[in-house]
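Here are my notes on the model, in numbered points. Please read them with the structure open.

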Amino acid sequence: MTASSAFPPALVLILGGLLLPLLRGYARSIVILALPLLTVWLVWQLPDGVSLSVRFLEYRLEVVKADALGRLFATIFAIMAFAGGLFALNQRRVAELAAASVYAGSAVGVALAGDLITLFVFWEIMAITSTLVVWSRGSENSYRASMRYLQVHLFGGVLLMAGIVAQVTDTGTIAFTAMTPDTPGTWLMLAGFLINAGAPPLSAWLPDAYPEASYSGTVFLSAFTTKAAVYVLLRGFPGAEILIYVGLYMMLYGIVYALLENDMRRILAYSIVNQVGFMVTGIGIGTEMALNGAAAHAFTHIIYKALLLMSAGSVLYMTGKRKCSDLGGLFQSMPLTTACGIIGALSISSFPLTSGFISKSMISQGAVDERLAVTWFLLAAGTAGVFLHAGIKFPWFVFFQKDSGLRPPDPPLNMRLAMVLFSILCIGLGVWPQPLYALLPYPVDYAPYTVPHVVNMLQLLLFSGLAFFTMLPLMRRTLTITLDFDWFYRTLGKWVLGPAATLTGNALRRAETEARNWIGVLIGFVFRHHGPQGALARSVQAGSMAFWMIVLLGAYLVLYLV
Amino acid sequence: MSEGKHWLVRRRSIRVLWIVFVAVLAVLVVGDVFIYGHPTFGLDGTFAFYAWYGLLTCVVMILLAKAMGVLLKRKDTYYDGE
């Protein structure tokens, strides 16, 4: 073990991120791009097993522990930090850049955490820094959304902490290994993980908060929190059957809500829940094929989802508009953004020759191997539905549709480069999947490109496209949102708790007024006696001193005689 | 008037695109005759399964979304001023 390999790779992005506000201009840009590259290099220096352990109370924390799965996620998190940083180079709010860097670093920390305590620490840093990314956009809406987001994630953190405490009490070890949800501790941990994955019932935090970040902030957000959750589920709960049902629900929920949505980045946010649903289903199936599929899909998903949000972010950056009903016809003046958006859209739809095709099909294959008929039919329907809500709907309404009259050019060079880089990766991995397959946790015995598979997938997707275009009148965009679970805490909660809040608020105000009055009285009293005119603060004059001496002596005489 | 438009949005081009699209769909369906997949669940071995299944499930999902929209859609200013 050399000195460099013992340095926690997570700290590069975390400490470097904290330095960013001190730097300016090119120096800042160079550091933003260098930190993730250094992280990838350090991750690949790590030998299998524990590289760094620290004593804490009576435990030995395994701060850095590497294996194929952890290395895969740490690598993609760092690649994402690089491309996201490149895309965000012209972001003027340095708070967002610093927070995003620490956020990415703590995601790397999660991927390399060997024990539950280290995991929890990085998990909570992620919650705080991701809140800062939303919040740093600086608008009233983003502030409120970030506070709602933080509350959901702190709640998830409390569940996770309680679960960890129960688990450590039960088993006496803090090791983070595969578990089955059969004790209160493991159930609580599973619930804590699932909240971050965007699972029901609290999934609304994701489409609520992510689209309120800046044009570049949402790109970072799309990658880390949900995929770190996929990672911990992969390691902690492979084969837990409940995950199949949770995953299938998330998949369908994402499609239906995205179909109803008008805000382009909220469409993509719902589609994150949909995609994580595929991964969670794969983890629930639990065979090596399905787990490989879930891991590979997380890897490719981070790339194409970031690409989609970069193209949406470019549109937002150049036009200031985010609603589909205000957009359309942009392909004429933003050809590169359109092309990159379409490549991302084809990848998410698992179109042949794109990255989604070589990863998602392994999850379906897992369902076939296990003869899970209902799961397989729903996965196929979900695949068709992805093309519907993200594959066609997003590029169609943003770049084509009607002519909105907007003619913005493509975005600045750094943003174009970031999109081109990820477009190349989307197609590169789709055409040449072997390098990714080699990184997966289990040996891969799967050939995605067979004639039946390609033809079947093309049938499924293109007939889904036929449904879209023939039913286009039903898809007309309206200036609406769709109520989700967050209604319970945003509206119902206010009705129920609003009066209570008013009452307690009033009581607090009354108590405060009362207290201020008493303090005023006290100050007045002290001032009267000790102030400039106070009897006890007057400078003593010889006459009054003689007077008080006589009084004292007189009193002494009286006491003596009595 | 249509001459001033981008070639892709002219009525003629859109007609051509539709014709090409339908031709590709037809080729895919006909191609199904020559391909032996590995049906596992019975239903997936029916003729042009992926074509009709993709179309059918998408129609169902669009209608389902539409129905949920009736209940759950609100003006996008619903949460303003909270």
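1. Terms and conventions. Helices (H or I, at least four residues) and strands (E, at least two) are DSSP runs, numbered from the N terminus. This is a predicted model: local features need pLDDT of at least 70, side-chain atom pairs count only at pLDDT 80 or more, and totals for chains, interfaces and linings use all residues. Residues are numbered from 1 along each chain as its sequence is written, while chains are lettered from A and ligands numbered from 1 in the order in which they are written.

2. A:His389. This residue sits in helix H16 of chain A. A:His389 is buried, with 31 other C-beta atoms within 10 Å. (Buried takes 20 or more other C-beta atoms within 10 Å of the residue's own, exposed 12 or fewer, partly exposed in between; C-beta atoms are placed from the backbone.) Leaving out residues up to four places away in sequence, A:His389 touches A:Ile255, A:Ala258, A:Leu259, A:Ile267 and A:Ser271. Contact here means C-beta atoms, placed from the backbone, within 7 Å.

3. Confidence. Chain A has a mean pLDDT of 93, and 99% of its residues reach 70 or more. pLDDT is the predictor's confidence in each residue, from 0 to 100. Residues 1–5 of chain A stay under 50, and the model has eight contacts for them beyond four places in sequence.

4. Overall make-up of chain A. The chain has 21 helices and three strands. Its C-alpha trace spans about 125 × 60 × 50 Å along the principal axes. Of the 562 residues, 54% are buried. Among contacts with a separation of 6 or more, 81% join residues 24 or more positions apart.

5. S1(A), residues 49–56, runs antiparallel to S2(A), and seven bridges join the two. Strands pair if DSSP finds at least two bridges between them. A:Gly49 has A:Ala66 as its bridge partner in S2(A). Two residues lie between the strands, and A:Leu57 in the turn has a positive phi of about 50 degrees. Is S2(A) enclosed or open? Six of the eight residues of S2(A), 59–66, are buried, so the strand is largely enclosed by the rest of the structure.

6. Helix packing. The axes of H6(A) (116–135) and H7(A) (140–171) come within 9 Å and cross at roughly 175 degrees. Axes are lines fitted to C-alpha atoms, for helices over the stretch in contact, and angles run from 0 to 180 degrees between N-to-C directions. The two helices are therefore roughly antiparallel. (Under 35 degrees counts as roughly parallel, over 145 as roughly antiparallel, 65 to 115 as roughly perpendicular, the rest as oblique.)

7. The A–B contact. Chain A contributes 36 residues and chain B contributes 33. On the side of chain A that touches chain B, H11, H16, H19 and S3 each supply at least two residues. H19(A) gives the most, with 13 residues. S3(A) also pairs with S1(B), residues 73–75, in the antiparallel sense over three bridges. A:Thr480 stands opposite B:Lys75.

8. Backbone points to check. A cis peptide bond joins A:Pro200 and A:Pro201, with omega about 0 degrees. A:Pro201 is in the loop between H8 and H9 of chain A. A:Ser350 has a positive phi near 55 degrees and is buried, with 28 other C-beta atoms within 10 Å.

Terms used: Two residues are in contact if their C-beta atoms, placed from the backbone, lie within 7 Å.
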